[in-house]
Amino acid sequence: MSGQTLKIAEALMRSGALKFGSFKLKSGVTSPYYIDLTWLLSSPEDFHSVTTIIAEEIKPIIHSLNINKLATIELKGALLLPSVAAMLKLPCVVIRKESKTYGLTDRIAGGEIRKGNRFVFFDDVITSGASKLEAVKPIEEAGGKIEAIVVVVDREQGGKQELEKRGYQVKPITTISEIVKILVSTKALTRNQAEKILKNLKEKSLTPK
């Protein structure tokens, strides 16, 4: 049992960030669970626990790949990454989903990207990988290089494999199946709930749309 996965699973349950029911995802599919890391904002202890784990995961990547900036996309990743960046003492930028029509209209917020900047791109979860491909595009167009993509939870629906086919190095901190196993073992999740989630994983294999 991974200590990091246990801490993340406990934080998701305590904060209410892991929800069960029927949820339509951005990719268009229906899921029996939903992870909303914005709920960590209402639980400072869990927020600190998860952001510390993220920082610990990114730190060795920084040293091994000579990373000099971090990046994410609004909204959820942008709520977590500034705290992580402060721990690691690295600048970070946020990619807007679309350009603004007033003020500073660029899609890149928080700083500028220079040719040769080496990035770790961070986000909360990965499903199909389509949103990650869209988010890294402005960075690459500005001359930055995505050295690694780090996510908290891999939903195990093909996104990691799709991005790796395109040459990206993807590092999930944990997977939904690992979280489910831990929550069942600690009796925080019923076997019926677990079976629904695991069945969903087997049925759904997504590609970017």
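## Two packed helices

H1 and H2 are roughly antiparallel to each other, a term kept for angles over 145 degrees, while angles under 35 degrees count as roughly parallel, 65 to 115 as roughly perpendicular and the rest as oblique. The axes of helix H1 (residues 3-15) and helix H2 (residues 44-65) cross at roughly 150° and come within 9 Å; axes here are lines fitted to C-alpha atoms, for helices over the stretch in contact, and angles run from 0 to 180 degrees between N-to-C directions. The crossing of H1 and H2 is left-handed, in the sense that the near helix is turned anticlockwise from the far one by less than a right angle. Gln4, Lys7, Ile8, Ala11, Arg14 and Ser15 of H1 meet Asp46, Ser49, Val50, Ile53, Glu56 and Glu57 of H2, where contact means heavy atoms within 4.5 Å.

This is a predicted model, in which local features need pLDDT of at least 70 and side-chain atom pairs count only at pLDDT 80 or more, whereas totals for chains, interfaces and linings use all residues. Residues are numbered from 1 along each chain as its sequence is written, and side-chain values use heavy atoms, with hydrogens and water left out. Helices (H or I, at least four residues) and strands (E, at least two) are DSSP runs, numbered from the N terminus.

## The mixed sheet

An open sheet is formed by 6 strands in the order E5-E4-E3-E6-E7-E8, and its pairing is mixed; two strands pair if DSSP finds at least two bridges between them. E5 and strand E8 (170-175) stand at the edges with a single partner strand each, so one side of each is left without a neighbour in the sheet.

Strand E4 (residues 92-95) directs Cys92 and Val94 one way and Val93 and Ile95 the other way, and all are buried (under 20% relative accessible area, with exposed over 50% and partly exposed in between, for a 1.4 Å probe and protein chains only). Strand E3 (residues 69-73) pairs with E4 in the parallel sense over 4 bridges, and the bridge partner of Ile73 in E4 is Ile95. From E3 the chain crosses to E4 through helix H3 (residues 76-88), and this β-α-β crossover is right-handed, meaning that with the strands pointing away from the viewer the path from the first strand over the helix to the second runs clockwise. E4 and strand E5 (residues 108-109) run antiparallel and are joined by 2 bridges, with Ile95 opposite Ile108 in E5. Strand E6 (residues 118-126) pairs with E7 in the parallel sense over 8 bridges, and Phe119 stands opposite Ile146 in E7.

## Helices across the strands

Helix H4 (residues 130-141) lies across E3, E4, E5, E6 and E7, and runs at about 160° to E6. Helix H6 (residues 176-185) lies across E7 and E8, running at about 15° to E8.

## Backbone features in the loops

Most residues other than glycine have a negative phi, and most peptide bonds are trans. The peptide bond from Glu74 to Leu75 is cis, with omega near 5°, and Leu75 lies in the loop between E3 and H3.

Asn66, in the loop between H2 and E3, has a positive phi near 55° and is exposed, with a relative accessible area of 54%. Glu156, in the loop between strand E7 (145-154) and helix H5 (159-165), also has a positive phi near 55°, and at 30% relative accessibility Glu156 counts as partly exposed.
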